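Please report on the ligand site and the metal site of this model. Keep it short.

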Amino acid sequence: EARKKGPGGMAFYSPKVSEKALTHFVLLRDLERALERQEFVLYFQPRIALSSRKVTSLEALIRWQAPEKGLVPPGEFIPPLEDSGLIVEVGRWVIREAARALKELREEFPELRLSFNVSVKQFLDQEVLLSALREALSETGLPGQALEMEITESLLFKVGASGEGLLEEVAGMGLEIALDDFGTGYSSFAYLKKIPARTLKIDYSFVKGLPESREDAEVVMAIVSMARNLGKRLVAEGVERKEQLAFLAGLGVEEIQGFLFARPLPLEEVRLFLRTFDPSKAFW
Ligand code: C2E
Ligand code: MG
Ligand code: MG
Ligand code: MG
């Protein structure tokens with residue numbers, strides 16, 4: 001079959017380069033088919049409030065159950081989805097699927113909320129994003145407040161001023177907005193004050209070395225004091241150890257997400273986790 005010989009007319013490329021191009025081509029073709037073949041799945045990672053010691057929300061995280069490759073993490077396929085623009089359609093699927101899952105879980109856990117991630121191209125295709133959100137809310141009957149959209153500082157930097165209008169619209173639908181990977185970007189105080197984000201998610205990279213690393217501790221303390229001054233809520237992500245939890249709790253960080261409590265789990269497993277999570281056990 002023609003494809004095995006590589007894209008035609010590339011004889012002047014070195015074998016290594018054309019092999020790479022072919023791999024990329026095959027990956028894109030497989031990703032294009034993944035949606036119709038229903039190979040994408042959502043996993044859900046619990047977020048726990050330190051004051052109530054309850055699971056307050058779940059973050060929807062996409063995986064690709066690729067034939068023969070097994071479960072592929074998003075780091076490996078979000079970038080090509082983003083480059084090719086396929087992320088717009090996949091992102092629409094994520095929103096619909098996540099809202100359906102939350103609707104189902106709220107029959108048993110009525111207060112539960114859910115956050116989802118969006119990337120640059122989705123943000124630039126404003127109409128698709130907004131209609132996906134409207135449809136998800138009307139199909140499930142969920143209140144906007146049940147959902148939270150996670151965006152990164154670097155996304156805001158890349159989309160520029162056009163992003164602000166979209167954020168206002170999304171917030172106007174009742175959704176909450178969180179700034180993901182916080183501390184790794186370039187937000188100014190003025191900008192942070194202006195955008196309708198209620199929550200900052202402290203990036204994993206600063207949580208990693210807590211409490212031993214003096215630098216990480218200083219960065220996290222600075223983020224906490226800034227968040228207090230701006231009236232933002234804080235979530236720490238990537239919490240794996242009790243010592244990290246104790247340090248963050250001591251600073252008054254509101255919510256924790258990390259392997260210490262739970263990894264991202266498939267729907268049925270996260271339901272089980274929600275049923276059996278016992279706040280009186282260990283950790284604190
Ligand atoms: P993110 O939004 O910052 O998600 C948090 C990541 O940290 C997840 O990786 C999660 O599994 C991981 N994590 C959580 N707790 C811990 C911990 O205690 N230790 C360690 N080592 N890792 C932890 P994941 O699922 O591989 O996702 C990676 C990134 O892919 C996400 O980072 C997000 O930027 C992107 N992503 C995931 N799902 C979607 C999606 O549906 N749409 C878009 N556009 N991006 C997505
Ligand atoms: Mg996130
Ligand atoms: Mg993050
Ligand atoms: Mg991240």
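The largest share of the shell around ligand 1 comes from β2, with 4 residues. β2 (55-66), α2 (74-84) and β6 (176-182) each give at least two shell residues. Helices (H or I, at least four residues) and strands (E, at least two) are DSSP runs, numbered from the N terminus. This is a predicted model: local features need pLDDT of at least 70, side-chain atom pairs count only at pLDDT 80 or more, and totals for chains, interfaces and linings use all residues. Residues are numbered from 1 along each chain as its sequence is written, ligands are numbered from 1 in the order in which they are written, and side-chain values use heavy atoms, without hydrogens and water.

By class, the shell holds 10 nonpolar, 6 polar and 7 charged residues. Of the 23 residues around ligand 1 (a heavy atom within 4 Å), R63, N117, D180, E240 and F259 come nearest.

| Residue | Protein atom | Distance to an oxygen atom of ligand 1 |
|---|---|---|
| N117 | polar side-chain atom | 2.9 Å |
| D180 | side-chain N or O atom | 2.8 Å |
| F259 | backbone N or O atom | 2.8 Å |

Taken alone, ligand 1 exposes 800 Å² (Shrake-Rupley, 1.4 Å probe). The protein buries 81% of that.

Now the metals. The magnesium ion (ligand 3) has protein donors (N, O or S atoms within 2.8 Å; 3.2 Å for Na, K and Ca). They are D180 (OD), D181 (OD), E237 (OE) and E237 (OE), at 2.1 to 2.6 Å. The donor residues are spaced D-D-x55-E in sequence. D180 in strand β6 and E237 in strand β8 (residues 233-237) are 57 residues apart. D180 also coordinates the magnesium ion (ligand 2), 4.2 Å from the magnesium ion (ligand 3).

Terms used. Polar contact = N/O pair within 3.5 Å; in protein donor to acceptor, adjacent residues only side chain to side chain. Nonpolar A, V, L, I, M, F, W, Y, C, P; charged D, E, K, R; others polar.
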